[in-house]
Amino acid sequence: MIRVELVKLVLRPRTWVILGMLVALPTLVAILLAVTDIAPGPGEGPPFLSAVLSDGTLFPLAALGVVLPLFLPIAVAVLGGDAVAGEVQSGTLRYLLARPVGRLRLLVAKLVTVVAFVVIAVLVVAVVAYVEGRLLLGTAPAAGTVSLSGSTLTPAQLAWRTALALAYMVVCMLGVAAVALFLSTVSSSAIGAALGTVGVLIGSTVLLGLDAAQALHPFLPTRYWLAFVDLFRDPVLWDDVVRGTLVQLGYLVVFGLAAWANFSTSDVDD
Amino acid sequence: MSEQPVIRTRALTKRYGELRAVDAVDLEVGEGDVYGFLGANGSGKTTTVRMLLGLVLPTSGEAQVLGEPMPEARASVLPQVGALVEGPGAYDHLSGRLNLSLLDAAGPDALPRAQRRSRIDEVLEQVGLDPGDRRPVRAYSLGMRQRLGLGAALMRRPRLLVLDEPTNGLDPQGISEIRTLLLALNAGGTTIFLSSHLLAEIEQMCTTVGVLDRGRLVLQERLDTLLRPTGLVEVHSPDARTATMLLGDAVVEAAGERLLVRADDAAGLNRHLVSAGVRVARLGPYERDLEQVVLDASSVAPPTPSSRVEVLT
């Protein structure tokens with residue numbers, strides 16, 4: 001069933017459009033930076049973007065920092081929201097279930113497919129951004145990349161920290177995927193489920209800016225999204241990365257179970 | 001026919017809040033039957049079909065399909081069942097072939113690749129679609145989609161076909177083709193459970209009829225029993241009153257110039273009437289058609305006036 005879902009993902013034109021859009025924004029940023037040579041000041045704008053003019057090898061991280069807060073979650077919300085509700089809308093859910101495909105199996109396949117998409121999207125953005133960074137932006141200093149703490153990272157160190165950062169970004173999308181999947185089992189409209197998920201994320205962002213909601217902050221899904229920056233300190237500052245991972249796993253478990261509880265007992269009478 | 005029914009339900013009930021969509025239905029479908037499941041729109045046919053397939057969970061009662069309880073045994077029952085429920089469903093951007101292929105691959109008993117390809121060719125041929133057609137389903141007409149849905153139901157060579165309005169959207173030519181196909185499958189041993197609101201369709205194909213009226217099964221009988229000779233003769237005569245007096249108790253129904261008379265021999269009745277000076281305009285054995293039967297059965301339970309209506313009047 002997972003294989004079938006992956007084939008469906010690949011055969012869907014929409015998948016490629018979303019991937020194209022994810023790549024397009026960092027590309028535009030790279031071109032603008034290369035042409036104007038105006039980088040945001042240190043500490044301003046998306047992470048790492050201030051440094052890429054002098055060190056192009058950091059551009060994959062900067063590019064992901066650009067797409068992570070908005071583009072990538074929206075893509076996940078759209079795909080996750082479509083998971084069950086989309087099958088309802090195309091009239092295919094009843095035929096899948098009567099084939100029969102177990103309901104739990106279907107949910108797991110859908111979730112795995114969304115996560116697979118995130119992995120591919122993150123890798124594609126990183127690779128494209130790496131090429132762009134080498135071609136358009138500054139080459140790496142011979143001495144090695146300077147970490148956020150001021151020390152120098154060897155290319156090997158930079159490579160595994162980048163890999164870790166990519167993995168962390170995938171983890172950050174697990175919560176979004178689980179929320180979208182749950183809403184997709186509740187709503188029979190794919191767009192409704194996707195918008196609901198985006199609503200949750202916007203709500204989380206709003207609460208993060210509100211001091212009165214301090215007590216809630218550690219539990220908000222978007223709270224630790226940019227914690228991958230801490231992987232480039234020397235030594236690595238693990239606290240927020242670990243907390244972020246736990247929060248995402250928490251959302252995955254809670255909303256995954258909710259999706260299963262709802263879907264396994266619901267009547268399919270679209 | 002084996003003793004074990006292919007479908008059997010006992011007091012199968014589905015309630016949505018106060019509404020009893022399906023109310024204590026006892027279905028019995030034998031092996032090799034073509035079972036016509038009739039009922040008006042909204043009478044609960046589709047909900048019943050969905051319960052048989054494990055898509056909708058019953059509120060109470062039980063359902064057995066191929067001798068096993070549903071929905072519990074769906075993993076072992078459903079691979080032997082082909083279904084078309086409330087219109088076909090397909091991924092619009094993919095070809096018909098690819099739709100069949102993906103649906104087959106999704107199941108627990110997916111065919112090996114080469115076998116799947118040849119089975120898809122066969123099935124598309126059977127339902128009258130071109131196996132070489134690479135167009136996306138988006139470009140299909142309603143009739144073609146319906147054929148594709150039927151093809152999907154046939155993929156596994158099912159023992160039981162559950163078809164909800166299978167000829168929807170087909171032209172008369174297509175309907176006749178599909179009927180021929182279904183009868184051939186039935187001759188090969190496939191039991192067919194056919195839900196429809198088209199009486200003519202049922203009358204031409206089915207061996208057994210079940211009628212659902214507002215969620216209740218009001219009739220379940222073999223078609224030949226339902227339509228057997230009534231032993232009545234229908235007489236149209238301008239001298240109906242004279243004839244009524246002449247025939248006495250044999251007249252079971254009189255309305256204007258039309259009489260229904262209990263008589264074994266229509267020709268003998270005719271001679272009897274004419275020799276007594278009764279003019280006969282038309283005379284012949286009275287045959288019930290399915291429409292009559294269904295209407296009679298459905299009116300067994302007239303709508304009970306709700307208390308709210310009484311308050312209003």
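1. In this predicted model, B:Lys14 and A:Asp267 form a salt bridge, with 2.7 Å between the closest N and O atoms. Across the interface of chain A and chain B, three salt bridges are found by the rule. Residue pairs in polar contact between the two chains, both members at pLDDT 80 or more, number 17.

2. On the side of chain A that touches chain B, two or more residues each come from helix 1 (2-11), helix 5 (93-97) and helix 9 (239-265) of chain A. Helix 1 of chain A supplies the largest share, five residues.

3. As to the extent of the interface, chain A contributes 28 residues to the contact and chain B contributes 34 residues. About 2,400 Å² is buried between chain A and chain B, with 57% of it on carbon and sulfur atoms.

4. A separate point concerns a sheet in chain B. Four strands form an open sheet in the order 13-14-12-15, with antiparallel pairing. Strand 13 (251-255) and strand 15 (282-285) of chain B are its edge strands, each pairing on one side only. From one strand to the next, the twist averages 15°.

5. Strand 13 and strand 14 (residues 258-262) of chain B run antiparallel and are joined by four bridges. Within this pairing, B:Val251 is opposite B:Val261 of strand 14. Helix 9 (residues 240-247) of chain B packs on the sheet and touches both strand 13 and strand 14 of chain B; the direction of this helix makes about 15° with that of strand 14.

6. Helix 10 (residues 266-275) of chain B lies across strand 12 (232-236), strand 14 and strand 15 of chain B. Relative to strand 15 of chain B, helix 10 runs at about 150°.

How values were computed:
Residues are numbered from 1 along each chain as its sequence is written. Chains are lettered from A and ligands numbered from 1 in the order in which they are written. This is a predicted model: local features need pLDDT of at least 70, side-chain atom pairs count only at pLDDT 80 or more; totals for chains, interfaces and linings use all residues. Side-chain values use heavy atoms; hydrogens and water are left out. Two strands pair if DSSP finds at least two bridges between them. Axes are lines fitted to C-alpha atoms, for helices over the stretch in contact, and angles run from 0 to 180 degrees between N-to-C directions. Contact means heavy atoms within 4.5 Å. Buried area is the accessible area (1.4 Å probe) that two parts lose on being put together, summed over both. A salt bridge is a side-chain nitrogen of Lys or Arg within 4 Å of a carboxyl oxygen of Asp or Glu. A polar contact is a pair of N or O atoms within 3.5 Å; within protein, one must be able to donate a hydrogen and the other to accept it, and residues adjacent in sequence count only if both atoms are side-chain atoms.
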